[in-house]
Amino acid sequence: MNKSTKEIIRAGNNLAIWHTLSPDDKVTIFQQIVHNITVQNREVKEVTVKI
């Protein structure tokens with residue numbers, strides 16, 4: 001959990017690792033890497049990450 005955003009994104013490209021995380025760990029990671037999510041008409045239009 002003490003990784004940089006770039007390290008988390010790089011590791012996140014390995015879906016096998018993602019599937020081993022608990023829901024709480026996934027929330028923690030999302031909070032660390034996602035800056036903003038834009039939703040329009042109930043559809044995600046843009047996700048901005050903290051890099």
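Guide: Of the 51 residues of the protein, 10% count as buried. Keep in mind that this is a predicted model. The C-alpha trace spans about 30 × 20 × 20 Å along its principal axes. The protein has 3 helices and 2 strands. Along the sequence they follow the pattern α-α-α-β-β.

Strand β1 covers residues 34–40, and strand β2 covers residues 43–49. The two strands run antiparallel, and 6 bridges join them. Valine 39 stands opposite valine 44 in β2. Asparagine 36 stands opposite threonine 48, again in β2.

Now the turn. What lies between β1 and β2 in the hairpin? There are 2 residues between the strands. Asparagine 41 has its place in this loop, and arginine 42 lies in the loop between β1 and β2 as well. Look at their backbones. Most residues other than glycine have a negative phi. Asparagine 41 is not a glycine, yet its phi is positive, about 55°. Arginine 42 is also a residue other than glycine, and its phi is positive too, near 65°. Are these residues buried or exposed? Asparagine 41 has a relative accessible area of 69%. That is over 50%, so asparagine 41 is exposed. Arginine 42 has a relative accessible area of 83%, and by the same cut-off it is exposed.

The side chains of lysine 45 and glutamate 43 meet in a salt bridge, 3.6 Å from N to O. That distance is within the 4 Å cut-off, so the pair counts. The count for the structure comes to 1 salt bridge. Side chains of opposite charge can pair when their charged atoms come close.

Ile9, Ile37, Val39, Val44, Val47, Val49 and Ile51 form a nonpolar patch. Together they have about 620 Å² of accessible area. β1 and β2 each supply at least two residues of this patch. Which element gives the largest share? It is β2, with 3 residues. Take valine 47 as one of the members. Valine 47 has its place in strand β2. At 47% relative accessibility, it counts as partly exposed. A patch residue needs over 30% relative accessible area, so valine 47 passes that test. Val39 and Val44 belong to the patch, and valine 39 and valine 44 are the residues that stand opposite each other across the strands.

How far can you trust this part? The protein averages a pLDDT of 83, and 90% of the residues score at least 70. Among the elements, β1 has the highest mean pLDDT, 93. Helix α1, residues 5–12, has the lowest, 72. Where pLDDT is low, the predicted coordinates should not be read in detail.

The structure holds 1 aromatic pair. Tryptophan 18 and phenylalanine 30 form it, with 5.5 Å centre to centre and 65° between the planes. That angle is over 60 degrees, so the pair counts as edge-to-face. Tryptophan 18 lies in helix α2, residues 15–20, and phenylalanine 30 lies in helix α3, residues 23–33. The pair therefore ties together parts that are 12 residues apart in sequence. Tryptophan 18 is partly exposed, at 23% relative accessibility. Phenylalanine 30 is also partly exposed, with a relative accessible area of 44%.

Back to the hairpin, in brief. The strands are joined by 6 bridges. Asparagine 41 in the turn has a positive phi. Lysine 45 and glutamate 43 meet in a salt bridge.

Conventions: Residues are numbered from 1 along each chain as its sequence is written. This is a predicted model: local features need pLDDT of at least 70, side-chain atom pairs count only at pLDDT 80 or more; totals for chains, interfaces and linings use all residues. Side-chain values use heavy atoms; hydrogens and water are left out. Two strands pair if DSSP finds at least two bridges between them. Helices (H or I, at least four residues) and strands (E, at least two) are DSSP runs, numbered from the N terminus. pLDDT is the predictor's confidence in each residue, from 0 to 100. Rings of Phe, Tyr and Trp (its six-membered ring) pair if their centres lie within 6.5 Å; planes under 30 degrees apart count as stacked, over 60 as edge-to-face and the rest as tilted. Buried means under 20% relative accessible area, exposed over 50%, partly exposed in between (1.4 Å probe, protein chains only). Patches are made of residues with over 30% relative accessible area and no salt bridge: like charges are joined within 9 Å, nonpolar side chains (Val, Leu, Ile, Met, Phe, Trp, Tyr) within 5 Å. Accessible areas come from the Shrake-Rupley method with a 1.4 Å probe; for residues, only the protein chains shown count as cover.
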